[in-house]
Amino acid sequence: MTTPNPRAKSDAAPRGREGGAKDGINLNNSTPIQPTSPAPTEDITRFLRALYRDGDVFEVRAPKCADRPGGTYTSTVSGYFTHTTIDMAARAIAELDARNKPLGIYITLNAVRPDLLARSANQLKFKAQSTTQDADILARRRILLDFDPCRPAGVSATDAELERARALAMLVVAELTTAGWPEPILGLSGNGIHVLYEVDLPAEDGGLIERVLTGLADRFDTDRVKIDRSVHNAARITKVLGTMARKGDHLVGVAGIEDRPHRRSALLMAPETTAPVPSALLEAVASPKPVPALPASASLVPRQSSGTFARFDHTPLGVRGYLERHGIRVTGERTKGDATWLYLDRCPVVQECVSTRGGTDIAVCVSTNSAIAYKNQHNRGTGLGWVDVRDALEPGYKAWVEARGWATGGASGGFVSASGGGVPEDWPAPQPLPEALPPVIRFDPSLLPEAFGPWIKDVADRVQCPIDFPAVAAMIALAGVVGRKIGIRPKRHDDWLVVPNLWGGAIGRPGVMKTPAIVEPLKPLRRMEIGAKGAFDDAKKTYRAALIVSKIAKKETEKKIRKIVQSDPDGARRMAAESFQGECERPTRARYIVNDSTVEKLGEILNENPNGVLVYRDELIGLLKSLDKEGQEGARSFYLEAWNGTGRYTYDRIARGTIDIEAAIVSIIGGIQPGPISQYLRGAAKEGMTDDGLMQRFQLLVWPDISADWVNVDRWPDTVARNRAYAVFEGLNNLEPILLGADTDRLEPDGIPFLRFTPEAQKVFDAWRSDLEALVRGGELHPALESHLAKYRSLIPSLALLIHLADGGSGAVGLTALNKAIAWGVYLRSHAERVFSQAIHPDLVAARSLARKILAGELKDGFSLREVYRKGWSGLASPDEAEAATKLLIDLDWLAETKITTTGRPTTAFRINPRLHELKDAQNSDTPSGGTDKGDRSPPPSPYNHPSGGSGSASSEGSPKNEPDDGWGES
C-alpha cells in the first residue's frame, strides 16, 4: 500500500517500482495510514538538512519494525533518498513513526554510493534484504559522540539519568570548543545526548575515528555516563532527531519506581554553517596509535644517512632497537643503579674487535636521564665514544656534529647528552611547557535573563571588553537588589534556605576596560541610590521641622508635669510616657552601593538596610589585603558571615559599644589584575590562609581571554534594551514575595519568604547535586578548588532563583531557569580552575618564569640553583621556588641535572638542552594556546545545551593594548 500523499510537482526524484510508491512508505499491506499524532516533519527536515549536502544519497532504516499497528511480525524497513528529496524523506519518516511505532528510526551518518538508490528509490520498504555496509560509504563526513547514561539494558532512561548525560555532554563540548573544535550539532536522542561534529576523512580512516572515541571515553567516562566507543564504523547509523525513542515499556506512574518514559528525540542546536574538525585536533584527543612490530629483516640492514640522522627514544628499548636496525647484535642487558648496560657482540666502529670476557667488555650504557655512553675495554677501542658509534653506523654524523661546534663526549665511556656533552641529536626532544593558564569557556549571553541579554551585549560591544565582565556584574547587581527579600529552599521538604547573595569580580590586566564594564551594569543601583538620597534629604527636612515642634511640645509637657508631679505622680508618669510616643522617628537612608567603609560603619548601614548592600571596589586586592592584616580578624570574620546572608552578627567596641546587626548580608563586585591575584593566591596558599574559604566565596570571579582585535564603536546606547533591563531592577526593588506565591515558615514568623523547585526541576537539581557531592568528596581535587566547588551547592539555586525572578517568574522555580544556572556552573568552574591554578601549581608558574630567563639567555649552560634565586626574579626568589622550577624543567627535558665532584661538597649544575630551538613558538612560552591576556587565541564560543537550544558567543570581545581615552574613565 502506498502513502496517500501525492508528490509535489517540483519533485524530480525517480520513482520506486515496487508497490507503485509515489513519495512515502511502501508498507506492503492494505491498511491505510492514519498517523496517531501530528507528524513533526519540520524537525526531521531541519535535522536532515543539517546533516547532508547537495548530491548526497542517504539511507533511512528502522530495524525490527512491526508490519502494521499492533502487529507482531517485524522486519527491517529501509529506503534511500537524495538531498533533493529530503522533504519527501521527512514525511515518510514521520508517517512510519506515527503509524507503525518502531523502536527507533535511523539514518546513515555519512553519504552512500549513489547507485544504492536503486534498492528503494525515495521510498521505505519492509523486509529489506540489503542495507548499507562500510564499503558503500564514499567518505566520512560526521563523527558521533553518543553520551549514554548507564542503566539496565532494554529500558528507557529516567529524567535524572538523562540529565547526567546532558551535563557530561555539555562539559565535553565546552572542553572541545575551548581546544578549537567548531560548533557541533546537538541532539536529544531520547535516552541520551548526541553530539555530531563534521569531519573530512576518507572512508578508510586508519582507525582515527575509533581512536578519537576511545581517547574521549578514557578521559571523560564516569561510572554513570559513558561515551559509546562502538560507533566508529563508516556505515554507522544514527537516530533521526524528531522521531520517538521506544526502548522497553513506557513506564510512567508506577508507585515506587522512577518513570522511564518513551520520549521524542529533538534537534537542540544546529549551527547555520559548520566546518570540519582539523585532523590535528582529532589526533590531539585520540588514543595513541598501536606501535607496529619491526620487520625481522629490519635489524639486519644498516641505515646510511647523509645530513638526516635517525631519531629514537633515549631509553634502553629505543637504543637497542636503533642498534639492531643497524645490524649490531645485543647479547645481553643488565640494569645497575640508574643505568642500563646493553652488551654487544662486537665493536660497531672496529669491526674485527669481538667481545670476550663473558661478553661485558663492549657495551652501551643508557642512564635514566637519557644520557648514552659507550665503552670498549680493548686497546683498539681506546678513545671511542657514542658519537663514534653513531658515525660508524651513519657516516657523516661526527663531522655534522663537530661542524656545529657541539661537544662529542670524547673519551671512552664518557656520556654524551645530559651529563657529558651538548650534542642535540643525543638529547631527548624538549617537551612544550604546560599552559600557564588553563583554558576557560567563553560566556554565552543566552545564559542571562531574557531582559539582560541585549543590554549586556550592547554594553560589551560599546566598551569593547569581554562580555564576561558586564554579565557577571549584572548578576551580582541583581543579587544586591533582591537581597533577603526572598530565598529558595533547594530540597523538596527540608528547611535548608539559600539567600541569592553573590560575590565576584573581573580579572584582567590594566587597560582591558574592567571598570566601565562593571560600572555600566551597576547604574540601575546607582540610580536607586541617588533617588533614595533625595528622598532621605526631603525626609530630613521634615524630621527637623517635626523636631522643633517636638521640642516645644516637650517643654510644655514638662511644665504640666511639674505642676502635678507632687499631687498626681501616676498621672505625671503617664503624661511623660505619652510625650515619648509622640516623638518623631529619625529617618534612615536606603543604601544600595558602598564603596569604601570600615566594617563598623558597614554594620551601621546594614542595621538601617536589612536587605543588604553591594560593596563595589575598583581594585579588589585592596579589600583582600586589608582583611589579611593583623588585627583585622574581626573584619574578616564579618565578611565571611555576611556572604551567607541568613544570619546576624554582633561586635563590641569600646568607643561604639555593642552593635547588633540583625541581617548581615553583603554582595561584592570589583576588578583585579592577574599579577596581584596570582601573587595573593600563592601567598595565601603558602601561609594556609585559603582554609577559611574567603577566596572560595568569590564564585563569580572570571578571568576571560582578551582579544587583540579592537574596533572603535561610537554609538548611542541601545535605549530599548537598557530600559527593559532597568525595569527588571525597579520591579525587584519593590518585590512583594507574597504576590509571587512565596511561602513562609510558620516556625519562623519573621523569617525570609522562600520558593522551591518544580517537581521536574527538583529531579534535575537532585541529580546534579548528586554528581557534585561525588566530585567534592572524591578526594581528587586540590583542597582550595574542592572548597570552592562545594559552595556551588548554594550558587546554582541562587542563580536559578535570580534568573526566575528576572524573567518575571512566579511560583516554583522551573527547569528553564535551573538549566541556565547549571550551565553557569560549568562556565564558572573553568574560570575557577584558571584562578586557583596559581595556588595549585606554583611550580608551573616558577618553571615558566625560569624558562623565559633561559630562552632570553640570562642563564648559561651549567648554571647553579643559587644563580637563580639570588637574582630575586619574580616567582624564583627563594630556594624552594627555584628548585621546584628546575625539577619541572628536568621532567620536560629542558634541563638535565649533573653532579660535579670538587674538593669539598659535590655541587649540582643544570645543563641546558641544546635542542630548545626546535620548540615552535618557544619565545611565547608564557602564552597558553587557549588564549590569554596577551592576545586573542580564544576558542570559538561554547554552545550550551539548555532549553532555548541556542548557542551564543561573546559580542565584540576585543580590547586594544593601549585604548584611547574614550570618556569611560578606566582607572
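Tutor: A crossing is left-handed if the near helix is turned anticlockwise from the far one by less than a right angle, and right-handed if clockwise. We're looking at a predicted model, where local features need pLDDT of at least 70, side-chain atom pairs count only at pLDDT 80 or more, and totals for chains, interfaces and linings use all residues. Residues are numbered from 1 along each chain as its sequence is written, and side-chain values use heavy atoms, leaving out hydrogens and water.

Student: How many helices and strands are there in the chain?

Tutor: Both kinds of element are DSSP runs, numbered from the N terminus (helices: H or I, at least four residues; strands: E, at least two). Going through the chain, you get 24 helices and 28 strands.

Student: And what share of the chain is buried?

Tutor: Buried means under 20% relative accessible area, exposed over 50%, partly exposed in between (1.4 Å probe, protein chains only). The chain has 971 residues, and the buried share of them is 53%.

Student: Is their crossing left-handed or right-handed, and which residues make the contact?

Tutor: α18 passes α19 in a left-handed crossing. Contact here means heavy atoms within 4.5 Å. From α18 come L772, L775 and V776, and they meet α19 at E786, L789 and A790.

Student: What covers the buried residues of α19?

Tutor: The residues needing cover are A784, L785, H788, L789 and A790, the buried ones of α19. Their cover includes α18, α20 and α21.

Student: How do α9 and α11 cross, left-handed or right-handed?

Tutor: The axes of α9 (residues 453-463) and α11 (residues 514-564) come within 10 Å, crossing at roughly 145 degrees. Among the residues in contact are W455 and V459 of α9, together with P516 and P521 of α11. As for its hand, the crossing is right-handed.

Student: What does F638 touch, beyond its neighbours within four places in sequence?

Tutor: F638 is one of the residues that touch the most other members of that core. With those sequence neighbours set aside, its contacts are V599, L602, L606, Y649, I661, A664 and V666.

Student: Now a loop. Why does G809 count as buried?

Tutor: G809 is in the loop between α20 (792-806) and α21. Its C-alpha is 7.8 Å from that of L740, 69 residues apart along the chain. G809 counts as buried because its relative accessibility is 17%.

Student: Which residues does S287 contact, leaving aside neighbours within four places?

Tutor: S287 lies in the loop between α5 (279-285) and α6 (316-325). S287 counts as buried because its relative accessibility is 13%. Its contacts beyond those neighbours are R211, T214 and G215.

Conventions
A nonpolar core is a set of buried Ala, Val, Leu, Ile, Met, Phe, Trp, Tyr and Cys residues joined through side-chain atoms within 4.5 Å. Axes are lines fitted to C-alpha atoms, for helices over the stretch in contact, and angles run from 0 to 180 degrees between N-to-C directions.
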